[in-house]
Every structure is written in C-alpha cells, then in structure tokens.
Amino acid sequence: VDLVGSFLLGSSCKPMRNVDVALEMDTEAMLEEKDFRNHKYLDKRAAFVAELFLFLKKRLGHSNSQKGEESGALSASVWLTAWQGDVTKPIVVVRPRLPASGGSS
C-alpha cells in the first residue's frame, strides 16, 4: 500500500481533499506473463478490485449504531466507479462519514 498523487506531494488545492492509495497485486500469485498479451490482466485486476470493494464495504460500510460496534468506529461510504470513465478499469472510492454531532439520540 502506497500513498500517491497530489495529497502526498502537498499540492492538493481543493477544499475536499482526495488521498490516492495504490495497492500492488501479487503478480506471482495472480498473474502470468501472457495475461498482458491476451488482456486477462484487466479481468484479473477487476476481480481483485471487486474483492477489495467487498472487503471494505463489509468493514467500513456499516452504521456506527450496529450491535457490537464501539462508539467512534470508522464508517464510510464505499462504492465502485470507472477510472477516468474507462469501465475496464474499476476503482474503489471510500468517503469517510463524519461522526454524528453529540445531539439527541
């Protein structure tokens, strides 16, 4: 896992900051040399991203009010989208939910 992009460089200028995180697939376990020639790489990458999405959705996509969750547990909206409109390159977007203010219960 590596931080990449404008946040890492300190050059982000939007009020809503984006943090790009790069994950590296285990090429020895998942890929073969011919996968790049016959375009299976994109299918395997999409499967990897889908599994990552399901993992993050399960861990972060919950409500803090769920039974067994401690107060202050991290919660986020998690969804899939196409990278720069290219549907062959899905990405996972995670947007943290702000904690509820200490109002009524």
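D35 is buried, with a relative accessible area of 1% (buried means under 20% relative accessible area and exposed over 50%, with a 1.4 Å probe and protein chains only). The structure is a predicted model in which local features need pLDDT of at least 70 and side-chain atom pairs count only at pLDDT 80 or more, while totals for chains, interfaces and linings use all residues. Residues are numbered from 1 along each chain as its sequence is written, and side-chain values use heavy atoms, with hydrogens and water left out.

D35 is found in the loop between α2 (27–30) and α3; helices (H or I, at least four residues) and strands (E, at least two) are DSSP runs, numbered from the N terminus. The side chain of D35 makes a polar contact with the side chain of K44 at 2.8 Å, and also reaches the backbone nitrogen of E32 at 2.8 Å. A polar contact is a pair of N or O atoms within 3.5 Å; within protein, one must be able to donate a hydrogen and the other to accept it, and residues adjacent in sequence count only if both atoms are side-chain atoms. Leaving aside residues up to four places away in sequence, D35 touches M30, K40, Y41 and K44 (contact means heavy atoms within 4.5 Å).

Helix α3 covers residues 40–60. The buried residues of α3 are R45, V49, F53, L56 and L60. They lie on the same side of α3, because they cover an arc of only 80° around the axis, taken from the directions from the helix axis to the C-beta atoms. These buried residues pack against β3 (76–83) and β4 (86–96). The face turned away from the buried side of α3 carries the exposed residues D43, E51 and K58.

Notes
The expected span of a helix is 1.5 Å times one less than its number of residues.
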